[in-house]
Amino acid sequence: MAGPYFPTWRMRRNTNDGLGPVIGIEDRLPWPQTIAMGIQHVVAMFGATVLAPLLMGFDPNLAIFMSGVGTLLFFLFVGGRVPSYLGSSFAFIGLVILVTGYAGQGPNTNTAVALGGIIACGVVYALIGLLVMAVGTGWIEKLMPPVVTGAVVAVIGLNLAPIAVKSVTGNNFDAWMALVTVFCVGAVAVFTRGMVQRLLILIGLLLAYVIYALLTNGAGLGKPIDFAAVANAAWFGVPQFVAPVFKADAMALLAPVAVILVAENLGHIKAVGAMTGQNLDRYMGRAFVGDGVATILSASVGGTGVTTYAENIGVMAVTKIYSTLVFVVAALIALVLGFSPKFGALIQTIPGPVLGGVSIVVFGLIAVAGARIWVENKVDFSNNRNLIVAAVTLVLGAGDFTLKLGQFSLGGIGTATFGAIILHALLSLRASHPGH
């Protein structure tokens, strides 16, 4: 850990249009290219960072703004040595809907209670980070091996599936429109190349939005999009902040999400380390603390919990540009967007069926990401321990198995997460004996 806290970024000229030499963490591109890359990262995180708050009834403008603040905070905590963008976390969605009783359309009037819970989660997350800084990551990897983390990630997607489907099956037109949206995203994913393909969620959503407008505002088939709010909104204004309310049951319900965020961040940092050929494990604790503090700060003013984004890791994998200065630019762009109510009003015009269709894809991708963890880590399912841990976890989460302990209730994602960790630990006792 000797040397300066921040790197001294070396200027590199990326000659081959992003496919030439690898631009490392401590390199930097000329400013025009750095800004262009920053914009690309904003576009990459945009779909999911806006989608998560919309699904919970939070203010998407504020979520974009706090994603910028959180990314800058993270950059400071890791000393500019881990390239990451922090966007809205999907791990909170199911539990936030449960805690607030959100119906799935329009603003959520009960967000304050959820915010207190998200702050509790951020505190637990930051404390885990301090522990990792003191003793390393070995204990996490032992407690949460790939069979556990894969199952927990898959469960987040499966647990959210009923929410996505119920939100779009209110009437026939909405149901068909959701399927059109799914097809739009799928078509972009399969039939396009390069940057367009990387932005499949955003471009698929825009295509479906246009089709919806033509069918409703144009042909008068469904509920038309109302652009009055966009016309009336100011170009510039401060986001609407919300103060948190601390309730013990909501805090107890949301605090365990920290375990999911740890598994997610650990996987992301390992992925970036593998791509750059650098061991970033020594920054793991600082990354956890940075993400935890960013989550606390975001929820303190009404924003969503945040996490390092796989979407942006995907962009780095394609472009081979890992310079951390790119993420500072992306964060500053997000701050500017957060100060535009007109931009926020435009986001709010996204029709429910289009949003629902995108949710079906996104939640499905989360579920498959869990399976991908198993494949990439060659989890052996001929081993009965792995088989039982994965099988039980998936059904607890997908079936939303809820445990009540007095006033406190632990929902499907919570029971699945703790169930996976405890079950794996108990079944490992047998595995450590001879004759297994």
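The radius of gyration is taken here over C-alpha atoms, and the value for a globule is estimated as 2.2 Å times the number of residues to the power 0.38. For the 436 residues of this chain, a compact globule would have a radius of gyration near 22 Å; the chain has 21 Å, which agrees. The structure is a predicted model, and the values reported are computed from it. Along the principal axes, the C-alpha trace spans about 70 × 55 × 45 Å.

The chain contains 19 helices and six strands. Of its 436 residues, 53% count as buried, where buried means under 20% relative accessible area. Contacts between residues at least 6 apart in sequence were also examined: 78% of them join residues at least 24 apart. The chain exposes about 18,700 Å², and carbon and sulfur atoms supply 69% of that area.

Helix α1 covers residues 31–56. Just after α1, glycine 57 adopts a positive phi of about 80°.

Terms used: Residues are numbered from 1 along each chain as its sequence is written. This is a predicted model: local features need pLDDT of at least 70, side-chain atom pairs count only at pLDDT 80 or more; totals for chains, interfaces and linings use all residues. Side-chain values use heavy atoms; hydrogens and water are left out. Helices (H or I, at least four residues) and strands (E, at least two) are DSSP runs, numbered from the N terminus. The expected span of a helix is 1.5 Å times one less than its number of residues. Buried means under 20% relative accessible area, exposed over 50%, partly exposed in between (1.4 Å probe, protein chains only). Contact means heavy atoms within 4.5 Å. Accessible areas come from the Shrake-Rupley method with a 1.4 Å probe; for residues, only the protein chains shown count as cover.
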